[in-house]
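Biologist: I'm new to this one and could use a guided tour. Can you show me how to read it, feature by feature?

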Amino acid sequence: ASTVAIKPGEYIRNVPIVLSGVIKVLRINENGEELFLYYIGHGESCAESLAKCIRDKPSNIKAVIDEDVELLAIPAEKVKEWFSKYGSWQQYVLKMLDLRYDEIIHTIDNIAFKKVDSRLIDYLLIKSNVIQSKEMIITHQEIATELATSREVVSRLLKTLEQEGKVKLFRNKIEIISLV
């Protein structure tokens, strides 16, 4: 956990398929600010890795191991070879591109059209679903960074959710009670 798997500007040498654990994909702007894009969970891969690997271009994203991960690393040359050779691999790649495109559109919609409180709830639900647990080890600052807002805003909103009985807050841990 917490290991940076890929940074912007690096070439993809191996494409991951996650067998267990979670990888978090972020976009970094010119000031070093990060924006959460999506998670890669069991049986999934990274659309950016697949696309950039096939086209032999450097990455635009930062990928961080969020939960200890076991993965299958497919060498770049095999990704390209299999894409033209095997229809089932081509379908898998297209499925991952479609899935990630939908997730990125969802992220853009959240930023453009939702208030931070709704974005926070959505983020907690997505993270809970990906890690398959109602308890998550995470700091308010980490959430704020991923939602592109301040820690103070996240802390205030989490405290409100706790007062409403929707979450329980602990030091570096959040337990979801009911966010539906």
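Modeller: Let's go through strands, helices, salt bridges and a surface patch in turn.

Modeller: One caution to begin with: this is a predicted model, where local features need pLDDT of at least 70, side-chain atom pairs count only at pLDDT 80 or more, and totals for chains, interfaces and linings use all residues. Residues are numbered from 1 along each chain as its sequence is written, and side-chain values use heavy atoms, with hydrogens and water left out.

Biologist: Fine. Which strands pair with β4, and in what sense?

Modeller: Helices (H or I, at least four residues) and strands (E, at least two) are DSSP runs, numbered from the N terminus. Two strands pair if DSSP finds at least two bridges between them. Here β1 (residues 4-6) runs antiparallel to β4 (residues 62-75), with two bridges, and Val 4 has Val 64 as its bridge partner. Strand β2 (residues 14-28) is also antiparallel to β4, through eleven bridges; Val 25 sits opposite Ala 63 there.

Biologist: And which strands pair with β7?

Modeller: β5 (residues 135-137) does, antiparallel over three bridges, with Glu 135 partnered by Glu 175. β6 (residues 167-170) does too, antiparallel over four bridges, and Val 167 faces Ile 176. Between β6 and β7 there are two residues, making a hairpin, and Asn 172 in that turn has a positive phi of about 60 degrees.

Biologist: Which residues of β7 are on its covered face?

Modeller: In β7 (residues 173-176), Ile 174 and Ile 176 are on the covered face, while Lys 173 and Glu 175 are on the uncovered one.

Biologist: On to helices. How many residues does α4 have, and how far does it reach?

Modeller: The expected span of a helix is 1.5 Å times one less than its number of residues. Helix α4 (residues 116-131) has 16 residues and reaches 22 Å from first C-alpha to last, close to the 22 Å expected. Just past its end, Gln 132 has a positive phi of about 55 degrees.

Biologist: Which residues of α4 are buried?

Modeller: Buried means under 20% relative accessible area, exposed over 50%, and partly exposed in between (1.4 Å probe, protein chains only). The buried residues of α4 include Leu 120, Tyr 123, Leu 124 and Ile 131, and also the charged Arg 119, Asp 122 and Lys 127.

Biologist: What does Lys 127 pair with?

Modeller: The general idea is that side chains of opposite charge can pair when their charged atoms come close. A salt bridge is a side-chain nitrogen of Lys or Arg within 4 Å of a carboxyl oxygen of Asp or Glu. Lys 127 makes one with Asp 66, at 2.3 Å from N to O. That pair links helix α4 to strand β4, 61 residues apart, and both partners are buried.

Biologist: How many salt bridges are there in the structure?

Modeller: Twelve salt bridges. One of them joins Glu 44 and Arg 100, with the closest N and O atoms 2.8 Å apart. Glu 44 is in the loop between β3 (34-40) and α1 (47-55) and Arg 100 is in helix α3, so this pair ties together parts 56 residues apart in sequence. Arg 100 is buried, at 1% relative accessibility.

Biologist: Where do Lys 159 and Glu 162 lie?

Modeller: Both are in helix α6, three residues apart, about one turn of the helix. An α-helix has 3.6 residues a turn, so residues three or four places apart point the same way. Lys 159 and Glu 162 form a salt bridge with closest N and O atoms 3.0 Å apart. Lys 159 is partly exposed at 43% relative accessible area, and Glu 162 is partly exposed at 23%.

Biologist: Last stop: which residues make the nonpolar surface patch?

Modeller: Patches are made of residues with over 30% relative accessible area and no salt bridge: like charges are joined within 9 Å, nonpolar side chains (Val, Leu, Ile, Met, Phe, Trp, Tyr) within 5 Å. Accessible areas come from the Shrake-Rupley method with a 1.4 Å probe; for residues, only the protein chains shown count as cover. Here Tyr 101, Ile 105 and Ile 108 make a patch of about 290 Å². Ile 105 belongs to helix α3 (residues 87-113) and is partly exposed, at 32% relative accessibility.
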